[in-house]
Structure formats: structure tokens, C-alpha cells
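Dear colleague,

I would be grateful if you could look through it before reading the notes that come after it.

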Amino acid sequence: MKSNILVTGSAGFIGSHLCERLLQLGYNVIGLDNFRDNYDPLIKRENVHSALEHPSYKLVEGNILDADLVDRLMKQHNIDILVHLAALAGVRNSILTPLDYVDTDIKGTVIMLEACRKYGVSKFIFASSSSVYGNGTVPFRESNNLICQASPYAAAKYSGELLCKTWHQLYSIPTVCLRFFTVYGPRQRPDMAIHIFTKAISRGLEVGIYGDGSSSRDYTYIDDVVDGIVASIDCKCAFELLNIGNSNAVDVLTLVRIIESKLQRQAHLRFLPQQPGDVPKTLANISKAANLLGYSPKVPLEDGIERFISWYRLKN
């Protein structure tokens, strides 16, 4: 009999894919999501359409900041594993509304950790971000000394990691913090670069490029990320920080050219001032995840972009 898993942020991009995989593997999945309107909630409802048809999935609409609700879910469903994906994402928005990120990304994480403490879960998975590395030396290694994060979002995610470490030390909660590197693929949030570029190029609109186009990211396909999460659930460990990336940095202009070639349309570029909070490059060293999880990303960027565009065309 598979365990009962609570997935927060279950209707989001990563969460909906993860829930479907867990259901395929035979887990009982309780999804918690508040369908916040940071982007169209109808998109999130479409994300969970498939999972809702599965008898082992239960969707609960509610906020991770509602500690009483979280307590009830832990009790009612005898939760054994908690995967905490729910967060306010976005570097630039976090500069505009930092207190929102403190509430959701820090306070929300403490509520999840307290639930783990009270109900003795066997594993806590925390979704962190490559943004915690700031302007560090690439490739990013988990052993890097993290001096300063470049945005409130990044600082909130790093705070979440520190809180996870504290709760583990105090209460011996088996914990894995996963630092995701620019996840993309079908269902990607509409405010992410690949989604924005695809929409603009397909409609003949201008593509805004912040800076000179030389900044680069380690783009990681959603299926590879889900592989990493599932392997973390099975990992026999006490506390670990792990990079989940593709280990290949691609600059913005190259990304645009790939999307152009897949759409067979030319982009109309407009260069804009560099945005505060952005970093010039992210690149994951994934040797630790490879050793501990057997993690090995399988989808190269060009293939992943093609899959994303196929999905985008179906939805538009």
C-alpha cells in the first residue's frame, strides 16, 4: 500500500505534473491549492482536470497559511509525506511586494514544518530555487557559501531552507530541499520567459529582452524535475540540499532562436533595461543529485521546447 502524500501548490505547473506522476505510481494524493489570481485561476483548474478523474486524488481548496486547515488534512488523511511546492514565485514581483513573499514563502513553510513535527511525517520535501545562489560562481554547487541573494524571493527561499534545517535538527524530520533551475514545459506559468516568447513570436508581437541578451539560464524540463522529486521521496536520507537542473546554460538570444526555428517565425526583438533582481547566469552542478538520487536529466532544450510549443498550439 502506497503512502498518503500531501502536495501543496498542487494545481500549479510543477504541482499538477507531480500529482499525476504520483497517482500513476499508486500513491494516495491530497492536493492543497488556493487558486490565487497571480495568474488566471482557470489555467490552474485546467491543470488539475486529469488528476480529478483519478479515485486516489482529493483536491482541497485552501491556503497554506490556514494552520487549522493544514492540521485537519494531516489528521483526516493520515499524511505520511509532505511535498511543499506552494509559494509566491517571481523575482521582480518580490521586489514590488516583499511582505507577500514573507507571508507565503516563509510563514507558510513554518506552518508546513510544524505540521510535519506534530504528525511525524516520514519525509518533507521543500521546493527551493536556484535563485538562492545569487551572483555566485558557476556552476552552482550545494556546498557554495551563499553570501547575498539578489531579490526578496531568493532570500525567502533561502530562509525556507534554513528553517527546514532548524526543524530537522530539533525534531529529526527527514528533509530534502530541492533547488530547481528554471523549470519549463507544458503548463508553464504564462509569466515565464519561454511562454512569453512563444506567445509573442507566434503572434508577430515584439519580444522584450532585458539587457543585451547574454544572460543565461539552466532550463530544466518538467519531466526531469518530477523525476527528481519522486527520487527524493524514495531517498533514504536525514537532511539534504540538492540541485535539480539540466547542467547546461543557454543564453536568452539562443533561446529565442530555438523558439523561432520551432515556430518557423521570426522574432521582433526589443532590448530593454536590465531588471533589478536578475542574475547573469545560472548553471547547476548536479553531481550530488546524481549520486544520491540517480538523477539524470533526459530532455535536451530543443526537444523540450518542441514539446512545449506542441502543447501551446493545442491550448491556443
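Predicted model: local features only at pLDDT ≥ 70, side-chain atom pairs only at ≥ 80, totals over all residues.

I begin with the nonpolar cores. The largest of them has 69 residues, and the members that touch the most others are V83 and F180. Setting aside its neighbours within four places in sequence, F180 is in contact with I14, L85, A127, S128, S129, S130, V225, I229 and I244. Another core, of 27 residues, lies apart from the largest one and includes V60, C116, F124 and L163. As general background, nonpolar side chains in soluble globular proteins tend to be buried together.

The next item is helix α8, which spans residues 193–202. Its buried residues are I194, H195, F197, T198, A200 and I201. Among the elements that cover them are the strands β7 (183–184) and β8 (206–210), together with the helices α10 (252–263) and α12 (301–315). After α8 comes G204, which has a positive phi, near 75°.

Lastly, the cysteines. The model contains zero disulfides, a disulfide being a pair of cysteine sulfur atoms within 2.5 Å. For C164, the nearest cysteine sulfur is that of C177, 4.0 Å away, and C164 is therefore in no disulfide under the 2.5 Å limit. C177 is likewise in no disulfide, its nearest cysteine sulfur being that of C164. C164 is buried, with a relative accessible area of 0%, and C177 also counts as buried, at 0% relative accessibility.

With kind regards

Technical notes: Residues numbered from 1 in each chain as written. Heavy atoms only, no water. Buried < 20%, exposed > 50% of the residue type's maximum accessible area, 1.4 Å probe, protein only. Helix = DSSP H or I, 4+ residues; strand = E, 2+ residues; numbered from the N terminus. Contact = heavy atoms within 4.5 Å. Core = buried A, V, L, I, M, F, W, Y, C linked by side-chain atoms within 4.5 Å.
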